[in-house]
Amino acid sequence: MSKISKMFKGSSSSSSSSSSSKSRHHRSRTGPSPQEAIHKLRETEEMLTKKQEYLEKKIEQEIMVAKKNGTKNKRAALQALKRKKRFEQQLTQIDGTLSTIEFQREALENANTNTEVLKNMGFAAKAIKGVHQNMDLDKIDSLMQDITEQQEVAQEICDAISRPFGDTFDEDELLAELAELEQEELEESMKNMGRLPSVPSSKLPSSRPSHRTPSKKKVEDDDDMQMLAAWAT
């Protein structure tokens with residue numbers, strides 16, 4: 001084997017070893033975190049937004065140049081319009097790029113949010129599992145039975161305390177007796193209504209004033225006055 005072939009072989013072997021080490025190095029490196037990627041995308045959005053503002057100002061300037069040289073220098077006006085067209089094309093491209101970046105950033109934000117939510121849900125599930133491990137279902141059933149029994153005992157005690165002392169009367173009998181008393185009172189009222197004075201059958205004297213018959217004394221006085229009158233004549 002010649003020295004030249006050995007040299008190429010050595011260089012190829014060294015290059016292959018270096019490339020394999022680089023590939024292993026790249027494989028060992030982890031990708032950027034979602035927060036880093038979102039931050040980079042925001043920076044890119046801000047840069048493109050500033051570029052949009054710059055292009056809009058340049059378009060306005062070229063329009064002013066075209067208006068200014070429209071009649072005086074047609075060539076300069078046409079050049080200004082050509083530059084305006086190029087700026088407008090760049091502005092359109094930037095609009096599309098911003099839309100793509102915004103969509104990618106929102107997707108990353110949603111993925112990051114979902115990851116955090118799932119992580120917290122898994123953490124909570126582990127906590128619940130740890131709590132349930134310390135619980136015995138048999139003990140829980142026994143505890144619930146004890147609670148039920150104690151509640152029944154407490155209810156019995158309340159019933160015993162609230163039970164009235166002395167004679168107990170049947171409420172139905174008392175209601176029946178009350179109904180009888182009310183019936184007797186009603187009958188007595190009807191009897192009293194039957195004892196009212198009857199309407200007189202004879203005609204009552206009229207209230208109009210009538211001519212009274214002259215009394216005996218008045219008749220005698222009248223006779224005396226007639227006698228005096230006759231004597232006087």
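Trainee: Which residues form the negative surface patch?

Mentor: In this predicted model, the negative surface patch is made up of D170, E171, D172, E173, E177, E180, E184, E187 and E188. What makes these residues negative is that Asp and Glu are counted as such.

Trainee: Why is D170 called partly exposed, and where does D170 lie?

Mentor: D170 is found in the loop between α4 and α5 (171-194). Its relative accessible area is 39%, and since partly exposed covers values between the 20% limit for buried and the 50% limit for exposed, D170 is therefore classed as partly exposed.

Trainee: What makes up the nonpolar patch on the surface, and which helix gives the most to the nonpolar patch?

Mentor: The nonpolar patch consists of V131, M135, L137, I140, L143, M144 and I147, which together have about 650 Å² of accessible area. Helix α4 (residues 137-162) gives the most, with five residues.

Trainee: How do you know that M144 counts as partly exposed?

Mentor: M144, which has its place in helix α4, has a relative accessibility of 46%; because exposed requires over 50% and buried requires under 20%, M144 counts as partly exposed.

Trainee: Why is E45 called buried, and what is E45 in contact with, leaving aside its neighbours within four places in sequence?

Mentor: E45, found in helix α2 (residues 34-68), has a relative accessible area of 13%, and because buried means under 20%, E45 is buried. Leaving aside neighbours within four places in sequence, E45 is in contact with L98, I101, E102 and R105.

Notes: Residues are numbered from 1 along each chain as its sequence is written. This is a predicted model: local features need pLDDT of at least 70, side-chain atom pairs count only at pLDDT 80 or more; totals for chains, interfaces and linings use all residues. Side-chain values use heavy atoms; hydrogens and water are left out. Patches are made of residues with over 30% relative accessible area and no salt bridge: like charges are joined within 9 Å, nonpolar side chains (Val, Leu, Ile, Met, Phe, Trp, Tyr) within 5 Å. Accessible areas come from the Shrake-Rupley method with a 1.4 Å probe; for residues, only the protein chains shown count as cover. A salt bridge is a side-chain nitrogen of Lys or Arg within 4 Å of a carboxyl oxygen of Asp or Glu. Helices (H or I, at least four residues) and strands (E, at least two) are DSSP runs, numbered from the N terminus. Buried means under 20% relative accessible area, exposed over 50%, partly exposed in between (1.4 Å probe, protein chains only). Contact means heavy atoms within 4.5 Å. The place of a charge is taken as NZ of Lys, CZ of Arg, CG of Asp or CD of Glu.
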